[in-house]
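User: I'm new to reading protein structures. Could you walk me through a few features, one at a time?

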Amino acid sequence: MNLAIGLSLLILFATGVPIAISILLASIIGIEFFSRFPLMMVPQQLFVGLDNFPLMAIPFFILAGNLMAAGGISNRLVDLAKSIVGGVQGGLAMSCVLTCMMFAAVSGSSVATTFAIGAILIPAMVKHGYPKPLAASIQASSAELGVLIPPSIPLILFGVSTNTSIGQLFIAGIGPGLLVGGALLVFVYIFCKLRGFGLQDRNDRTRFTTAFQSAWAAMLMPVVVIGGIYGGIFTPTEASAVAVFYALVVGACYRELKLADLIPVLRQSVVSTAAVMLIISAAALFSFLISRSGLPAQVAAGVTAMFESPWAFLLAVNALLLVVGMFVETGAAILVLAPILTPIAMQFGVHPVHFGLIMVVNLALGMITPPLGVNLFAACAVAKISIDQMLPWLVRFVLVVLVCLMAITYMPWISMGLVNLLYG
């Protein structure tokens, strides 16, 4: 059955069938022709996959991010970032990275970050003399911070699929997010210095006090959400509902979120939520079949025999996930692979929270690597260029994130330092 499901998945992927439909059809083929399970198992497991309270956080965080994007948050965060780093050569490009870090703490979505921030900063960078493919590459690479800095939907999916604390995953994501963001900031600054880009970036810079007064309410959202979780006021799921309420209040205070805007925002949120939930339910059915076949235990035994040290195992896992991330959507990859790989990682002494960050950072690279690269398509749509124009510039940023991935993999304190401090 495992072989039949695997071959079916490969064929469906190769023919361009959407991820969720591919997983669902491959599972149905396995049940109907290669098992004794009745087809009634399909709707039952689809429902079981969604019958999980922490999953309620996903539609709320998606809605909160869309409300913040429609409520005038993007412009204010851009002005704040420019007031902080915009006074140096390459400051506009650095502002892109810093704004994405701040917006990531608001939206939790890399694609939303690409569209919201890219629509403002890509044209601004082009106007200041940056090549359009470079501007799009900086935006796409920076936007992946949306899945690292909490709140993060992929971290929620990992927590749900492996029974790992979402609260601990959120706090563990801060270190890797700051590392990747800081590395991109340093690289962009040095690159602009060496190549002579951004000589006029000091122009149109807002004073810090003015920018902060305009953006402080938006910047308070991650403080409210994360602070409430770790202060014991509410759970991560309840925090998502608080985030929606806060986004509505901030949008109303800025007077940019009108009643007429709510219908498009709600429609967009429903479509995004439906896509994610379909992948989750299909992956739940797939995981059920794989677990009942005994494949995870076989894989665990084989991997344990093959690799003698955690270092070698983690290197192999990183190589696997890099390839998977290029072809499979992040959420689907987590839901399918996390239940298989996490128990093996624990046998090698790797903490599940640390492994969750390794997995999410690795798969985030898939967002900026073809052929799937959702951030690439979003940045190309904003910049109105093709992906092949971006690739020569993009390679540099991929290498920067790869170096950060290696640091996160082999220096557990980057992810676990705050977790150990708060949870002992």
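Predicted model: local features only at pLDDT ≥ 70, side-chain atom pairs only at ≥ 80, totals over all residues.

User: Is Asn 362 buried or exposed? And which helix is the place of Asn 362?

Analyst: Buried means under 20% relative accessible area. Asn 362 has 0% relative accessibility, so it counts as buried. Its place is in helix H17, residues 352-365.

User: What about Leu 259, buried or exposed?

Analyst: The cut-off for exposed is over 50%. Leu 259 has a relative accessible area of 73%, so it's exposed. You'll find Leu 259 in helix H13, which covers residues 259-292.

User: How do I read two helices packed together?

Analyst: Two packed helices are described by the angle between their axes and the distance between the axes. Here, helix H4 (residues 57-70) and helix H12 (residues 236-254) pack at an angle of about 20°, and their axes are 8 Å apart.

User: Why are H4 and H12 called roughly parallel?

Analyst: Angles under 35 degrees count as roughly parallel, and with an angle of about 20°, H4 and H12 are therefore roughly parallel to each other. Their crossing is left-handed.

User: Which residues in H4 meet H12?

Analyst: From H4, they include Phe 60, Phe 61 and Leu 67, while the H12 side includes Ala 243, Val 244 and Leu 248. Sorted by class, the contact of H4 with H12 has 14 nonpolar, two polar and no charged residues.

Key: Residues numbered from 1 in each chain as written. Heavy atoms only, no water. Helix = DSSP H or I, 4+ residues; strand = E, 2+ residues; numbered from the N terminus. Buried < 20%, exposed > 50% of the residue type's maximum accessible area, 1.4 Å probe, protein only. Axes fitted to C-alpha atoms, helices over the stretch in contact; angles between N-to-C directions. Parallel < 35°, antiparallel > 145°, perpendicular 65-115°, else oblique. Left-handed = near helix turned anticlockwise from the far one by under 90°. Contact = heavy atoms within 4.5 Å. Nonpolar A, V, L, I, M, F, W, Y, C, P; charged D, E, K, R; others polar.
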